[in-house]
Amino acid sequence: MSLHTSLKTGGPVDLYAIPEDTADLQNLLSWLGRQNIPWLPIGKGYNLLVRDGGIRGAVISLERFDRIDVIEEGVIRAEAGAENLAVVRFAQRIGRGGIGFISGIPGTIGGAIKMNAGAYGEGILERTEYLTLLRGGKISDYRMTELDYGYRHLRLEDGDIVLAAAFRLDEREPSHTEEEIRKDLELRRSKHNVGYPSAGSFFKNPHGQAAWRLIDAAGMRGEKVGGAQVSEVHSNFLVNTGNATAQDFLDLAAIVKNAVFASSGVKLEEEVRIVGET
Ligand SMILES: Cc1cc2nc3c(=O)[nH]c(=O)nc-3n(C[C@H](O)[C@H](O)[C@H](O)COP(=O)(O)OP(=O)(O)OC[C@H]3O[C@@H](n4cnc5c(N)ncnc54)[C@H](O)[C@@H]3O)c2cc1C
């Protein structure tokens with residue numbers, strides 16, 4: 001899984017599947033179901049820490065589901081494997097906008113929806129009209145009012161797969177969106193240029209506070225375990241300086257959490273999804 005995750009850690013998965021279309025995916029799921037094999041859908045692995053023992057079961061990449069369509073005036077529907085920036089660009093071409101804040105977030109719509117990815121105080125689910133989910137073998141649309149979600153979180157049932165999301169967008173001059181994209185990418189180039197593989201922010205920001213400030217105040221900037229390090233550039237980014245194992249990251253995260261708790265009384269929570277076997 002180190003080949004499929006931005007942190008570049010993780011042992012092997014038993015089965016890595018890249019279904020071609022919905023029928024292919026449904027066949028795969030019914031076969032996995034009959035064999036009692038669990039599955040994990042993934043996007044581009046920008047928010048995944050896979051443990052060193054790898055994953056017993058199947059990983060399903062939705063990368064071939066990448067269509068983006070206009071479904072009604074002002075509403076676009078993007079399949080789970082479409083990349084965030086491609087969706088912003090599509091909207092820009094038809095004079096629509098309002099989700100420019102996801103331009104520079106690496107990954108796919110499926111990952112963005114599951115994580116309620118966001119920036120500048122906005123989250124993608126607040127801009128989402130409905131989700132198309134594959135749940136219990138059935139494909140249905142769910143309005144956001146039917147689902148439980150919050151900061152960097154959407155509650156799904158085990159085995160649920162996000163197939164697509166529909167976004168209601170505002171009218172927006174393409175040049176305005178261009179400026180939004182440019183500013184976002186520039187800001188990220190200056191602030192997130194950590195020089196090593198990472199998963200972005202490792203910890204969620206506790207309510208009203210910035211995780212990086214708490215980590216700094218605890219003296220953890222630059223702290224290292226094996227090949228994993230608290231970035232010198234952005235202390236909420238844990239980076240792989242070359243040959244980090246997943247265990248290095250887990251040990252480093254535990255040290256950081258203890259130090260932050262001791263210095264501020266705040267319990268940090270991982271934003272990164274941790275999966276697989278030790
Ligand atoms: C440099 C850098 C900067 C970043 N900046 C930000 C930022 O500003 N804001 C932010 O929110 N995040 C940020 N991230 C984190 C990451 O980009 C986001 O969480 C992104 O949404 C992950 O998308 P992905 O496609 O890679 O998902 P993955 O990492 O592949 O998956 C993430 C989770 O979603 C689940 N999932 C993926 N696809 C599906 C699906 N189709 N159905 C059901 N579940 C699914 C996976 O099982 C997993 O639990 C950053 C990461 C990096 C490396």
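Which strands does helix 6 (residues 246-264) lie across, and at about what angle to strand 17 does helix 6 run? The answer comes at the end of this walk through the structure.

The model is a predicted one: local features need pLDDT of at least 70, side-chain atom pairs count only at pLDDT 80 or more, and totals for chains, interfaces and linings use all residues. Residue numbers start from 1 along each chain, as its sequence is written.

The domain assignment of the protein gives domain 1 (13-61), domain 2 (68-190) and domain 3 (211-275). Such bounds come from an automatic or database domain assignment. Taken over C-alpha atoms, the centres of domain 2 and domain 3 are separated by 29 Å.

Next comes the ligand. Domain 1 and domain 2 both give residues to the shell around the ligand, so the ligand lies between them. Of the 31 residues around the ligand, Gly43, Gly107, Gly110, Gly111 and Gly200 come nearest. A residue is near a molecule or strand if its C-beta atom, placed from the backbone, lies within 6 Å of it. Strand 2 (39-42), helix 3 (109-115), strand 8 (118-119) and strand 14 (161-168) each supply at least two residues of the shell, and helix 3 gives the most, with five residues. Helices (H or I, at least four residues) and strands (E, at least two) are DSSP runs, numbered from the N terminus. By class, the shell has 16 nonpolar, 12 polar and three charged residues. Here Ala, Val, Leu, Ile, Met, Phe, Trp, Tyr, Cys and Pro count as nonpolar, Asp, Glu, Lys and Arg as charged, and the others, Gly among them, as polar.

Two strands pair if DSSP finds at least two bridges between them. Strand 10 (residues 128-135) pairs with strand 14 in the antiparallel sense over six bridges, and Thr132 stands opposite Ala164 in strand 14.

Another open sheet has three strands in the order 16-17-18, again with antiparallel pairing. Its edge strands are strand 16 (224-225) and strand 18 (238-240). Two bridges join strand 16 to strand 17 (residues 228-230), and Lys224 stands opposite Gln229 in strand 17.

Helix 6 lies across strand 16, strand 17 and strand 18, and runs at about 30° to strand 17. Axes are lines fitted to C-alpha atoms, for helices over the stretch in contact (C-beta atoms, placed from the backbone, within 7 Å), and angles run from 0 to 180 degrees between N-to-C directions.

Definitions and conventions. Two residues are in contact if their C-beta atoms, placed from the backbone, lie within 7 Å.
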